[in-house]
Amino acid sequence: MTAKVALATSNEGKRAELAPLLEDLDIELVLPDSNLMNEIEEPGLTFIENALIKARAVSAHTQLPAIADDSGLSVNALGGKPGIHSARYAGSPSNAARNNEKLLAALSEVPDEERKASFQCVLVYLRQSDDPVPLVGVGSWAGEILREPRGTQGFGYDPLFFVPGLNRTAAELSTVEKNGISHRARAAEQLLKKLKDDFR
């Protein structure tokens, strides 16, 4: 019997990326009401703190197990920013175009060789809202920030995130390609190993 698991996001892009990564499990990822996600405050200082906050809130609301993703872009020249504030870097409500514009402005004087960055992702799974032993997966993806966007795939900062080994941006990769190497793919791989034991 397929188990329903709430995915603590209103971002269809995240569900589209995560669903195939977790297809080995007999689960259905359910998105909560977007109003609920908008009401959840994320006062944590780290990705894992905010992921747990979201997972607990969504699990309590839906009475389902929950998976939460907290992820973002960390730029070396900006001291790790936008980091946990990546989604709302240019203010609320979240707007990818404005976020990208602000990032490019912040890096306008930074030379190409100093534009190193990484995507970070933490995925947590809670069996219930007060689960004291959450399952956690962590992933990182290294790249560089371009001076102008390239590509139409993906979402968020993908058009600016250049992957040197592939000579393409994240937005120029197919979903299959991205799911083989991304921060979210690596976090999901870790989480999947733990979930397989849990779902036995």
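Biologist: How many residues line the largest pocket, and which lie nearest its centre?
Modeller: There are 37 lining residues, and N11, K14, A87, R88 and S94 are nearest the centre. A pocket here is an open set of points on a 1 Å grid over the protein atoms alone where a 1.4 Å probe fits, with protein on both sides within 12 Å along at least five of seven lines; lining residues have an atom within 4 Å of a point. Keep in mind it's a predicted model: local features need pLDDT of at least 70, side-chain atom pairs need 80 or more, and totals for chains, interfaces and linings use all residues. Numbering starts from 1 along each chain as its sequence is written, and side-chain values use heavy atoms, without hydrogens or water.

Biologist: Which element gives the largest share of that lining?
Modeller: That's β3, with five residues. The elements giving two or more are α2 (34-39), α3 (47-62), β3 (66-75), α4 (96-106) and α6 (183-198). Helices (H or I, at least four residues) and strands (E, at least two) are DSSP runs, numbered from the N terminus.

Biologist: OK, α4 then. Which residues are buried there?
Modeller: N99, N100 and L103; buried means under 20% relative accessible area, exposed over 50%, partly exposed in between (1.4 Å probe, protein chains only).

Biologist: Why are they on the same side of α4?
Modeller: Because they cover an arc of only 95° around the axis, taken from the directions from the helix axis to the C-beta atoms. E101 and A105, on the other side, are exposed.

Biologist: Switching topic: where is P164 found?
Modeller: In the loop between β6 (161-163) and β7 (168-169). P164 counts as partly exposed because its relative accessibility is 41%.
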